[in-house]
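Here is a short report on one protein chain. It starts with the overall fold and then turns to selected helices.

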Amino acid sequence: MRKPELLCPCGNPEMLISAIAGGADAVYLGLTQFNARIKAENFTKENLGKWVDYAHLRDTKVYLTLNTSIKQSELYSVTDTIKTAASANVDAFILTDFGLMDIIRKIAPNIAVHLSTQCGIHNAEGALFAEKSKAERIILSRETPLSEIERIIKNTSVEVEVFVHGALCVGFSGSCLMSGICDGKSGNRGECKQLCRQKYKSNITDNERYYLSTKDLCLIDYVKTLENLGVDSLKIEGRLKSKEYVYSTTKAYRYALDGRLYDDLLFDSRVAFNRSQTHGYIKGDNDNIISPDIQNHIGVSIGKVKLSEKEGKFYKNHIDTNYPLEINDGIKFLHNNTEIGGGNVSGVKNCVYTSNEIPKGADARLTLIKNYSKKIENVKKLTLIMNFYARIGEKPELTLIYKDISVKTTTDYICQQAKTKQNVNDYVKDALSKINDTQFDYSVITIDAEDNVFIPKSIINAMRRDGIKQINELILKKYKKTVDYTINLKKYNKKSLNESNFIYYIINNTDLINEIENNVTHVAYFPDDYNDIINFDSFIKEKTPYKKGLVLPIISFENDLKVLYNLLRKYNTYIDFIQINNISQTIIAEKYNIPFIIGTGISIYNSFLINGLKPIAAVAGCELNEEEIAEIKTNTDIPILFYKSNYVPLMEFTHCPYKVNSIKCGDCNVKLEYTRNNMTFYIRKTKLSKCYFTLYGEFKSKYINKTNTICKNIIVIK
């Protein structure tokens with residue numbers, strides 16, 4: 001069975017070098033635009049080609065992230081970015097906005113498209129959508145358990161990529177409106193302020209804790225399990241971390257894939273960054289996700305404080321440890337799961353000075369190996385075979401072989417008879433071995449030369465350099481992509497300037513039917529429990545002047561889909577439409593031949609996706625302003641709905657937030673609210689085969705008061 005690809009993060013060129021040195025098969029990186037890690041140093045249009053070549057010469061693929069939501073006004077700019085990246089010969093685009101697939105195919109038909117984890121693919125239906133769309137790979141939601149991964153691989157032919165290490169977003173699939181709605185910095189646009197990492201006060205416990213802050217993912221123990229399932233790529237998160245983190249984590253997973261011991265390397269990785277770790281959702285068990293007491297880097301425990309003594313204005317803390325601490329190594333002290341101080345190791349052995357006294361027995365944790373960067377070496381062995389031939393009176397020849405590439409180089413110089421006796425093999429081998437400035441780590445040299453032949457070293461050096469240059473040109477030629485620079489976006493000719501009102505209500509309680517206004521055209525039921533159909537039955541069968549539908553949940557694993565399919569089979573003839581909130585649900589709509597509205601679960605920032613999918617309406621991204629929504633409307637005939645409600649769904653949970661608040665399963669009827677900085681958030685539970693949860697936040701939009709001036713169509717949540 002083929003080993004999975006090891007895919008590693010690169011937030012800058014140093015990290016790219018470190019990832020390749022650690023043994024990455026592929027790296028992913030972003031430019032300064034259209035990149036979900038916009039805060040990283042990133043790469044530029046000017047240097048991208050150089051670093052793609054660097055990776056390709058080292059047998060490493062490069063994937064470019066286009067994993068943000070693209071506004072209508074940015075479509076021309078993103079088209080230029082696609083052309084630039086294609087001309088740099090990237091191997092794949094990691095895409096969040098499905099609508100861009102068509103333009104990528106036209107510009108760069110032989111560059112793969114990988115659908116990002118932000119696409120929310122977590123079931124076989126989502127994989128089937130990707131397969132039908134001709135995407136080469138899907139990057140599964142981090143919430144996807146082994147059982148679903150196996151089902152996806154068995155039922156589709158699309159490549160499957162799984163996150164195995166790094167930070168977890170508490171919100172499903174990393175799709176979150178919290179930063180954008182509450183702070184004006186959109187996570188979907190790469191500007192996340194990480195509000196989930198802050199403390200919130202719970203109305204249940206009356207305590208302030210990190211209720212939304214997750215542990216980090218570590219699936220190194222599952223590498224062989226994922227390999228046996230047939231997973232194509234294992235992905236490490238961390239474009240905002242350090243080169244030391246990238247190198248040590250990459251090398252640890254390289255060793256795990258190769259069946260070698262990796263404990264020491266994993267130790268180094270955790271020292272570089274560790275927020276405490278979890279197996280995540282891989283077993284289908286998600287009770288060990290949240291880290292309510294600690295949300296920052298805590299490194300690795302290496303001992304205890306045995307004495308904290310006052311010395312001048314500071315306290316000298318003596319650490320009882322077997323770890324060989326060096327000067328300037330970083331230490332944090334934890335006591336009762338709380339960070340209480342830290343600093344760098346001083347010149348006194350195993351001592352750290354702090355401004356406060358550290359209790360005896362406090363946990364001493366290594367958070368920085370000051371000289372670790374010296375350990376970074378090129379461990380990815382690339383072997384070059386050299387065959388050298390020389391005879392007196394003839395031109396010398398050098399044949400270089402790398403994998404299936406072979407080149408022969410010679411010179412006009414005619415080999416002479418040596419005037420003094422010398423060891424030909426030694427001085428020829430010495431000249432040919434000078435490959436440290438290349439990507440090759442090792443060479444196999446065969447010399448066939450007369451004992452008394454003479455060739456100047458400068459000639460041999462020139463032949464070696466010329467041969468390697470030819471090898472490199474042939475290597476890079478294999479990665480050369482076809483690019484159509486003439487492709488440009490065509491201006492959309494809207495068929496009609498007259499716009500009929502599309503007034504859409506969503507209700508989760510049939511008692512709210514009496515609040516529906518006369519001009520409403522569509523009403524959808526969004527049940528708290530999809531298994532309890534009594535209210536839905538009366539709602540859907542009632543004769544009304546408006547069309548009636550069902551809202552599908554964002555998350556639906558295999559057993560959840562069985563619940564939905566039972567519901568749709570029973571009421572198929574009554575349902576006028578469904579609201580889809582995950583791209584997988586286009587397959588459901590097609591299966592039952594039901595018209596659909598695109599809901600808030602699929603962020604609509606431009607017209608491309610909706611013009612391709614042709615829904616009966618689509619809800620515009622809640623982070624857009626009126627002018628941006630108006631731009632979309634001028635480029636499509638599909639009604640664009642403007643979200644209008646006091647609260648907006650910010651993120652979805654597959655873990656139980658009640659358990660984090662020490663509420664037992666089944667005792668969760670009490671309302672759960674979090675507060676921070678005068679903002680209130682509440683949790684809504686939705687039941688399918690199991691419970692899911694939505695965090696709602698106040699929708700204090702600066703543009704909501706002018707809704708009916710530019711955007712007539714609205715969606716109202718009751």
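## Overall fold

Among contacts between residues at least 6 apart in sequence, 68% join residues at least 24 apart. This is a predicted model. Of its 718 residues, 57% count as buried.

The secondary structure comes to 19 helices and 36 strands. The radius of gyration is 30 Å, close to the 27 Å that the globule rule gives for 718 residues, so the protein is as compact as a globular protein of that length. The C-alpha trace spans about 110 × 75 × 45 Å along its principal axes.

## Helix 1 against helix 9

Two packed helices are described by the angle between their axes and the distance between the axes. Helix 1 covers residues 13-22, and helix 9 covers residues 243-257. They pack at an angle of about 20 degrees, and their axes lie 8 Å apart. Angles under 35 degrees count as roughly parallel, and helix 1 and helix 9 are therefore roughly parallel to each other. Their crossing is right-handed.

Helix 1 makes this contact through E14, M15, S18, A19, A21 and G22. Helix 9 brings K243, V246, Y247, T250, K251 and R254. By class, the residues of the contact of helix 1 with helix 9 are five nonpolar, three polar and four charged.

## Helix 1 against helix 2

Helix 1 also packs with helix 2, residues 48-56. Here the angle is about 5 degrees, and the axes are 11 Å apart. That makes helix 1 roughly parallel to helix 2.

P13, L16, I17 and I20 of helix 1 make the contact with W51, Y54 and A55 of helix 2. What is the make-up of the residues of the contact of helix 1 with helix 2: nonpolar, polar or charged? They divide into seven nonpolar, no polar and no charged.

An α-helix has 3.6 residues a turn, so residues three or four places apart point the same way. With that spacing in mind, the two lists for helix 1 can be read side by side. L16, I17 and I20 are among those that meet helix 2. M15, S18 and A19 are among those that meet helix 9.

Helix 5 runs over residues 124-132. Its buried residues include A124, E125, G126, A127, F129 and A130.

What covers the buried residues of helix 5? The cover includes strand 5 (112-115) and strand 6 (137-139). It also includes helix 6 (146-155), helix 14 (558-571), helix 15 (585-592) and helix 16 (608-613). Just after helix 5, K134 takes a positive phi of about 70 degrees.

How values were computed: Residues numbered from 1 in each chain as written. Predicted model: local features only at pLDDT ≥ 70, side-chain atom pairs only at ≥ 80, totals over all residues. Heavy atoms only, no water. Axes fitted to C-alpha atoms, helices over the stretch in contact; angles between N-to-C directions. Helix = DSSP H or I, 4+ residues; strand = E, 2+ residues; numbered from the N terminus. Parallel < 35°, antiparallel > 145°, perpendicular 65-115°, else oblique. Left-handed = near helix turned anticlockwise from the far one by under 90°. Contact = heavy atoms within 4.5 Å. Nonpolar A, V, L, I, M, F, W, Y, C, P; charged D, E, K, R; others polar. Rg over C-alpha atoms; globule rule 2.2 N^0.38 Å. Buried < 20%, exposed > 50% of the residue type's maximum accessible area, 1.4 Å probe, protein only.
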